[in-house]
Structure formats: C-alpha cells, structure tokens
Amino acid sequence: MAFQPAAVEASPDPRVYLSEKEEQDAYVPENYHLPNETTPNLETYMYYAKIQRDREALSAKNDAEGSHWGGLISRTFKRSPESDVASAYSDGKNAAPSSEEGGGALVTAGEYRAASGALRTATWGSVFYLITTDILGPYSTPWAFQQVGYGPGVACFFVFGIMAAYSGFLLWWMFLKLDSDRYPVKSFGDLAHRIYGRWFRHVCNILQSIQLVFNVGIIILVNGQSLSQMAKFRLCFSVCNVVWTLAGMILGQIRTLQKFGNIANLAIWLNIITMIMTMASVANSAPNYTAIAFNGPVITQAINVQAFQSQLNGIMQIVFSYGGAMIFVEFMAEMRRPMDFWKAMVYSQVFIFIVYMFFGLFVYSYQGQYVVNPANQGISAYGLQTATNAISLVSGLIAAALYGNIGVKVIYNNILVEIFNFPQLTVTRGKYYFAISVVVYWSIAFVIGSAVPQISNISALVAAVCIFQFSYTFPPFMILGYCMQVDAIKGDGEFDINNPHAPRVDTWRDLSRWERAFFTNLNNAFFNVWNFILTLACLSCAILSSYSAIKAIVTVFQTAGSPTSFGCRSPLDTSG
C-alpha cells in the first residue's frame, strides 16, 4: 500500500520559478458566471471546448508536418520550450486577481498536481509515469491475494482494470467536450459541477477531503508500525504515531508545494527500491512469523474460501491499485494535448495490471498466509526489514506532507472560506489560520490512525467509501447526465453564444425535455441504460464493501488480544 505521489521527469519544473503568490494567481477558482451574471449552461461549455480542441488539433498537425523521429521522441517524453512559453503567455492573459486584489485563492491546480507529481504542459508520456506512480501502489496486493486466492485475485485484477479503463475513457471524453481556455476544467469537482451542478461538486469535494485525511491517517499508521518494528517493539506504538504526526505538522507548514520539488521526485525511486528488496527477501528467507498469528507451513490457495466480508476487504485493496481517477482530470488539465490522454491511460492500466499483479503473486507465492500489509513489513531478516522500513519512512513522510498540504487547502477553501468567510490564504491572517488548520488536520489524522490500528480494514473502508466512487461509480453517472442533456438540447433552437440561454424551449421541469433526453437517440438510450445499471451496481458494491469493512473493524476490536485504540502494543507484535 503506497501513497507516494511522485513525478518521473528529468526536464525542469516551471514551478521553481514561481513565487507563492504567482502560483496562486495562475490558477484562480473558476468563475461560474457569464458577464451578465448568469451561469454558463452546457451549450456554452461545449461551444468553447470545440474551439479549444480545434486549436489543439491544428497545433498537433503543424508539429507533425515539421517533425522528425528525434523530435517525435523528444515531444513524447519531454516538454518543449515553445509549449512552456505558450503556457506562460496563456496564464498571464487568463490569470485573475489574487485574494489581495479581491480574487479567490483555492488550492492551486499547480500545487494539486505537485502533490501527485504532475507537471505543467505535460505530454502523454510524462502522464503515463504520473498515473503509474500516483495510483496507490502495489504494497497491499499480496495481502489481497491472501484473502481471495490466486483465481479470484487475478479475475478481480482483470475486471477492475477493464472497468477502471472504461471510467478513464468516460472522464477523458467529458473533459474534451467541456474544457476550454475560457472555462478550464481543473478538477474532478469542476467536471462534476458542469454536469449536475453545485451540489455534486460539493459531494466530490467532501469525498476528496475524507479520502485525503484518511490517507494521511493511514500513512501515520504505516510509519508507526515501521518505527515500532525498527525499535523491536520497545517503544510505545502510540508514541511512534505521535512522532510522525509532529513531523507532519512541521512539514505541513510549507504552504506552496513547489518547495517539495526534488524530494517528491525521489519518492518513486525509493518505492522501486523497496519493492525489489522485498521480493529478493521473501524469495530467500522465511516469512515474518512474529507479525502474523498463524502456525504451520506456508499455504497458498487457488480460492480462499472464507467469510465474504474478508474477501471483500481483500478486493478493496485491488481498488487501491486502480484508484487514481480522482486526479485524472488534473492530469488532463496539465497536458499540452489532452486528446492524447487515452494513450497514457491505456498503457498505465496495462502496466498496473502486469507489474502490480506480478508483485502481489510473487510475494503471496512465497509467504502465503503469512503475508503482511504492507508487504515489506513481512520481511523476517531484521537488517533488511529495517532498511526497507527506513526507506518507507522517508517516502511515507513525503507523501503524508503532500497529501496533508492539499487536504488542508481543500477543506480551508471549500468550507472555511466559502461557508465561514475565513480570509484567503495569500493574506497574512489567512497564513496564520492555515498554520492552525495544519495542526488540527494532522491531529485528526492521528486520531484516525491510532483509534483504528488496522491498516487493511481501514484502507478497505477508504477504498469503498471514497476511491470506489471516483474510479467506478461517478464516471458512468456523469456520462449518463451528459448524454441526456446533449440529447435534450437537440430539440432547442439554434445556439447563440451572445445569448446562450435563449434557445431553450423548455426546462427540466417539463416532461418534454425528459422525453427528448431518453428517446431522441435509440443508441444513446441503450448506452444510458447501461450506465444507469452500472452506476447502481457500483453503488451497491461500494455500500456492501463499506459495511464489510466496518464489520471487520468491529470484529477485530472484539477479538481477544487484538491491538487497542491508542494502545502501546504494535499491531505487528503478536507475542501477547
């Protein structure tokens, strides 16, 4: 289970040349109103999006006409200086006033992408790296196979991979139809707002905030386990968690993530080293028998027949592996040519399916029922175990600081500023409130990690409640709303950009508009039914998985000898 958002890109990051205020100004909140103070409708977004895509297609054609093989490779995996200049010029024209001049200061798109390693004006090659490193990682996949066995594990990896790719294609299609320079789509919430309105944006922002704070709590828990292993369980487990909470509170005071630059790029290489060391160790040494309360020889199974809730918790770890859809929109917003996103998405899903599943199968084959989540903590040799734990501590703290920074800003700007009229982050009072918010945020994360010292079960709960929605439930639900609105528009008058609301002949309060939405296009009708059924199926699965995770948490607490909330005994210490 990895939470390390990191970039793999050798070219310079333009963020290092921006001040905090400039970075905020370059990505101001979207203005959801036209000059006459009316809200843009779907037709307006589609109108400007078509202009934007035509411009990008022309640019791609011009580049292709003057390209050669060396230039093609360079453009695939690096940013071009021309695109950087164009991007800077565009940002300069479109930047709105900062909070000091009366504008807003939401979490910047640049900072959000920094948290997941994204680069401005990215190409599909760099986005491929970003998707494969930002997805929550392979370290829980061995435990997933231990819960369900070889057959169901491989089948779930395949099915969830196909459905994740389908959701990715839907998000990509809707982004192309609704994003433009004039009305940029900068986040999942922005895309949700354009289809269903403000209420759905709030739902996405709330789930995003919950996922981020729980991610930080889980990282505190993982790091606490690592430190307790390194100390041979002589240090109180709650104290181990406090150490990393205090470290996060200090690092979290950095307001702009451009200062994490090189450190964040290091995290992915640390993860790769940990994976290699873990596989080398499990192949040449016995499992860590002290971490799991089992006896007997290593046993692997084609199908692990056990309680359904335990199997669901294992399957939710696979959801973590494909859990990057929440920031797919942010990746596309950073791309010089968003039309190429499908390439990065397809290759990354294939990569995750092969590499992550191989890691899970490899470790499970050698350790069987003794698999630990995360996998590197199942190494029996103390020296190698300590080395991987030390590496994980560094990469985990980087990840926690990045996720925590963004999580604080999402909550601060969407709740404290928007609802309670707190000052913006770029003014002096806002910076003081931000510092206090960081302390409160990390305190909440500490409570989450220490109150439920069960990595597998709490991560399954987060996957079911939050990650599953962004990766599987929301995309078909959103494409359903988009297609219905597009079909309903076909009965309206000719669109006039100067008076975009005039062509509407009815509203959604009228039965006639619903009839057009459902029956104008027979092919779309079948497509809409498919997505409606898929939405309900995904929602049902998420609810059932949430119940299973909660039930498992309660069961563990009721089991004699299990770790207690805010206790001193490490979850890995089974000595009693």
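1. W508, L511, W514, F518 and F519 make up a nonpolar patch on the surface, and their accessible area together is about 570 Å². The model is predicted. L511 counts as exposed because its relative accessible area, 60%, is over the 50% cut-off.

2. The cysteines give a count of 1 disulfide. The partners are C236 and C568, with sulfur atoms 2.2 Å apart. This pair ties together distant parts of the chain, 332 residues apart: C236 sits in the loop between helix 10 (198–230) and helix 11 (237–251), while C568 sits in the segment after helix 20. A disulfide is a covalent bond between two cysteine sulfur atoms.

3. The torsion about the S-S bond of C236 and C568 is about -90°, so this disulfide is left-handed. C568 has a relative accessible area of 52% and is therefore exposed.

4. C466 has 1% relative accessibility and so counts as buried. C483 is also buried, at a relative accessible area of 10%, because the cut-off for buried is under 20%.

5. Helix 20 runs over residues 522–558, 37 residues in total. From its first C-alpha to its last, helix 20 reaches 54 Å, close to the 54 Å expected at 1.5 Å a residue.

Conventions. Residues numbered from 1 in each chain as written. Predicted model: local features only at pLDDT ≥ 70, side-chain atom pairs only at ≥ 80, totals over all residues. Heavy atoms only, no water. Helix = DSSP H or I, 4+ residues; strand = E, 2+ residues; numbered from the N terminus. Expected span 1.5 Å × (residues − 1). Patch = residues over 30% accessible without salt bridge, like charges linked within 9 Å, V, L, I, M, F, W, Y side chains within 5 Å. Areas by Shrake-Rupley, 256 points an atom, 1.4 Å probe, with all protein chains shown as cover. Salt bridge = Lys/Arg side-chain N within 4 Å of Asp/Glu carboxyl O. Buried < 20%, exposed > 50% of the residue type's maximum accessible area, 1.4 Å probe, protein only. Disulfide = S-S within 2.5 Å.
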